Amino acid sequence: RNRQDLERLIEERTRQLRHLAETAAGLLALPDTADIYAYASRAVRRLVGAGIVSAGGIDDEARRLVVRHLTGAGKQTIRQMERLLGGPLPGLPLEGVTEEARQALATGKLIKLNGGFYQLFFHLIPQRACDALEGLLGVRDLYSIGLRLEGRIFGNLTLLLPPGHPFSTTA
């Protein structure tokens, strides 16, 4: 049994490394006019295989995050999300990125958001709307990671995963 587990682990890691190499090559081939947020959210969605991946741009000085791209949500779902959140997706601005959130994103590590959508939206969206959003999307686990370049945060990726997703037990 241990040998089978090891073989599965090696197979999974090999798949992940292949995905990383393909993603890096694709990134190098992007034209200057490409939407880097769309590219990143699609690449991560392919890796996790389910759920929704959101890519956001962060203006660190203004303490504002703007949702730039969603992958894994259909048009009808996006319209329902927009009604609950009171703004357009993509394009929804979230003013007031907290210092705690900024520091967490600055680590570049994947962080589980135990406070769900309410934490994700920096407590700016009412808890009731966040709970409704969780029910609409059928997600339980939210993770976020900061995108950094030369010590500067320029965005984030957030994974919205359904209950029982294997990634949820390994992250």
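What follows is a chat about salt bridges, helix contacts and backbone features in a predicted model.

Me: What kind of model is this, and which pLDDT is needed for local features?
Reply: It is a predicted model, where local features need pLDDT of at least 70, side-chain atom pairs count only at pLDDT 80 or more, and totals for chains, interfaces and linings use all residues. Residues are numbered from 1 along each chain as its sequence is written, and side-chain values use heavy atoms, with hydrogens and water left out.

Me: Salt bridges then. How many does the count come to?
Reply: The count comes to 9 salt bridges. A salt bridge here is a side-chain nitrogen of Lys or Arg within 4 Å of a carboxyl oxygen of Asp or Glu. In general, side chains of opposite charge can pair when their charged atoms come close.

Me: Which residue does the side chain of Arg8 meet in a salt bridge?
Reply: Arg8 pairs with Asp5, at 2.6 Å from N to O. Both residues lie in helix α1 (residues 2-29), 3 residues apart, which is about one turn of the helix. Helices (H or I, at least four residues) and strands (E, at least two) are DSSP runs, numbered from the N terminus.

Me: Is Arg8 buried or exposed?
Reply: Arg8 counts as exposed because its relative accessibility is 52%. Asp5, at 29%, counts as partly exposed. The cut-offs are under 20% relative accessible area for buried, over 50% for exposed, and partly exposed in between, with a 1.4 Å probe and protein chains only.

Me: And Glu99, which residue does its side chain meet?
Reply: The side chain of Glu99 meets Arg102 in a salt bridge of 3.4 Å, N to O. Glu99 has a relative accessible area of 33%, so it is partly exposed. Arg102 is also partly exposed, at 22%.

Me: What about Arg140, which partner has it got?
Reply: Arg140 forms a salt bridge with Glu134, at 3.0 Å from N to O. Glu134 is partly exposed, with 24% relative accessibility.

Me: Switching to helix packing. At what angle do α1 and α2 cross?
Reply: The axes of α1 and helix α2 (residues 36-48) cross at roughly 165 degrees and come within 11 Å. α1 is therefore roughly antiparallel to α2. Axes are lines fitted to C-alpha atoms, for helices over the stretch in contact, and angles run from 0 to 180 degrees between N-to-C directions. Angles under 35 degrees count as roughly parallel, over 145 as roughly antiparallel, 65 to 115 as roughly perpendicular and the rest as oblique.

Me: Which residues in α1 and α2 meet?
Reply: On the α1 side they are Arg15, Gln16, His19, Glu22, Thr23, Gly26 and Leu27, and on the α2 side Ile36, Tyr39, Ala43, Arg46 and Leu47. By class, this contact has 5 nonpolar, 4 polar and 3 charged residues. Contact means heavy atoms within 4.5 Å. For the classes, Ala, Val, Leu, Ile, Met, Phe, Trp, Tyr, Cys and Pro count as nonpolar, Asp, Glu, Lys and Arg as charged, and the others, Gly among them, as polar.

Me: Which residues is Ile36 in contact with, neighbours within four places left aside?
Reply: Leu27 and Leu30. Ile36 is partly exposed, with a relative accessible area of 36%. Its C-alpha is 9.2 Å from that of Ala55, a residue 19 places away in sequence.

Me: And α3 with α6, how do their axes cross?
Reply: They cross at roughly 170 degrees and come within 9 Å, and α3 and α6 are therefore roughly antiparallel to each other. Thr77, Gln80, Met81, Leu84 and Leu85 in α3 meet Ala129, Ala132, Leu133, Leu136 and Leu137 in α6. This contact divides into 8 nonpolar and 2 polar residues, with no charged ones.

Me: Backbone now. Which peptide bond is cis?
Reply: The bond from Leu89 to Pro90 is cis, with omega near -10 degrees. Pro90 sits in the loop between α3 (75-85) and β3 (93-95).

Me: What is the phi of Phe122?
Reply: It is positive, about 55 degrees, although Phe122 is not a glycine. Most residues other than glycine have a negative phi, and most peptide bonds are trans. Phe122 lies in the loop between α5 (116-120) and α6 (127-137) and counts as buried, at 11% relative accessibility. His123, found in the loop between α5 and α6, has a positive phi too, near 65 degrees.
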